[in-house]
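Biologist: Thanks for joining me! Could we walk through this one together, a question at a time?

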Amino acid sequence: SGGGGGGKLGRTTSEQLLRAESHIRGPYTMSPEEEREVESSGVYVIDSVRPGRTLGVLELAKIPMVKEVAFAFFCVNMVRFCMHMWLPYYLESVLDYSSLQAGFLSTAFEVGALLGSPSVGLMADWIFGGRKIKASQLALAGSAGCLLLFYITTSGGVVFNALFLVAAGMGNGGTYMVLSGTVAVDLGKKNDCVTSVAGFLGGCGVLGAVLQGPLIALTWHTFGHSGLALLMIFIAVMPIVAVGRTRPIDHTTARLVELQARVDNELALKATQ
C-alpha cells in the first residue's frame, strides 16, 4: 500500500496513509460496514500488523480448503519428483535412448516447469482476472493431458517426446508455484497463520516426494512401465478435483478486484476535481 498520488489526493489524510495500488489481499469476507467504509473513504488495509499465530497440524487441517490444497500439492510434488528421479531410467530402458540422450531429454520436464512458473501466474492475472484457482485447474489438466500424449507418442521420436514433456512440466511447475505461494498466503491470512499454512503445505509436498520412490518402484516391478505411466497420469489428474474444491478463493479474488476497481475509479475522479 502507498500514499496518494499528490495534488488533491495528497490532502486527504486517509488516502495518504492507505490505498490499494495493486492486488487487494485480505480476508475472504467483509462485513457490510467494512464495504461501506471501503467505498466511502477509498481505504483498504492490505495486511494485518498483528503477528501471525502458530497452529498445529490438526488445527491447520480444520481450516477450510487447506486439506484440499495440501492434497493437490502432495500430488503435484509427487509427479514432479517422479519425473525427476525416474524419467532418465524410463527413457533409457524403455525408449532406448543412450545414457547421454536420456540425461539431456529428461531435463525437458524441468525446463517446462521453469517456463510455467511465471506463465501460470500471468495467465491467472491477464486472462482470468486474478482467478488463480481456475488457472491452476487449467494448467493441471494440460499437464495431465500432455503426460498422456507423451505416453501415446513415445515412438514418435525426440521432438514429440521433448515437446510433451516441456508442456507437462509447464502445467506442473506453474501450479506448484501458485499453490505454494499466493494460495498459501490467501488461506493463511484469514486465520493469521500464513507461516503455519505455508509450512504445512510444504511438508505435504515433501511427503509426496518421499513416497513417490517406493510407490513408483513397486508399480514398475508389479505392472511394468505401462502401469507406471498410467499411475503418473492418474496422480496428475487427482489434484484437478482437489483444487476445484477451493473455488471460493477465486470468488473472493473477483470480489476484491471489483472493489479495487471501484475504489481506484473514485480516487481518479477525486484527483480530477
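Biologist: Which helix holds arginine 80?

Modeller: One note before I answer: this is a predicted model, in which local features need pLDDT of at least 70 and side-chain atom pairs count only at pLDDT 80 or more, while totals for chains, interfaces and linings use all residues. Residues are numbered from 1 along each chain as its sequence is written, and side-chain values use heavy atoms, with hydrogens and water left out. Helices are DSSP runs (H or I, at least four residues), numbered from the N terminus. On that basis arginine 80 falls within residues 66–93, which form helix H5.

Biologist: Is arginine 80 buried or exposed?

Modeller: Buried means under 20% relative accessible area, exposed over 50%, and partly exposed in between (1.4 Å probe, protein chains only). Arginine 80 has a relative accessible area of 19%, so it counts as buried.

Biologist: Which side chain meets that of arginine 80 in a salt bridge?

Modeller: A salt bridge here is a side-chain nitrogen of Lys or Arg within 4 Å of a carboxyl oxygen of Asp or Glu. For arginine 80 the N to O distance is 3.3 Å. The partner lies in helix H7 (residues 107–126), so the pair ties together parts that are 30 residues apart in sequence. That partner is glutamate 110.

Biologist: How many salt bridges does the structure hold?

Modeller: Besides the pair of glutamate 110 and arginine 80, glutamate 68 meets arginine 245 at 3.6 Å. Lysine 132 also meets aspartate 186, at 2.8 Å. The count for the structure is 3.

Biologist: How many residues apart are glutamate 68 and arginine 245?

Modeller: Glutamate 68 is buried because its relative accessibility is 16%, while arginine 245 is exposed because its value is 58%. Glutamate 68 sits in helix H5, and arginine 245 in the loop between H10 and helix H11 (248–272). The pair links distant parts of the chain, and the separation is 177 residues.

Biologist: Which helix does aspartate 186 belong to, given that lysine 132 is in helix H8?

Modeller: Lysine 132 is buried at 8%, and aspartate 186 is buried at 9%. The two are 54 residues apart, and aspartate 186 lies in helix H9.
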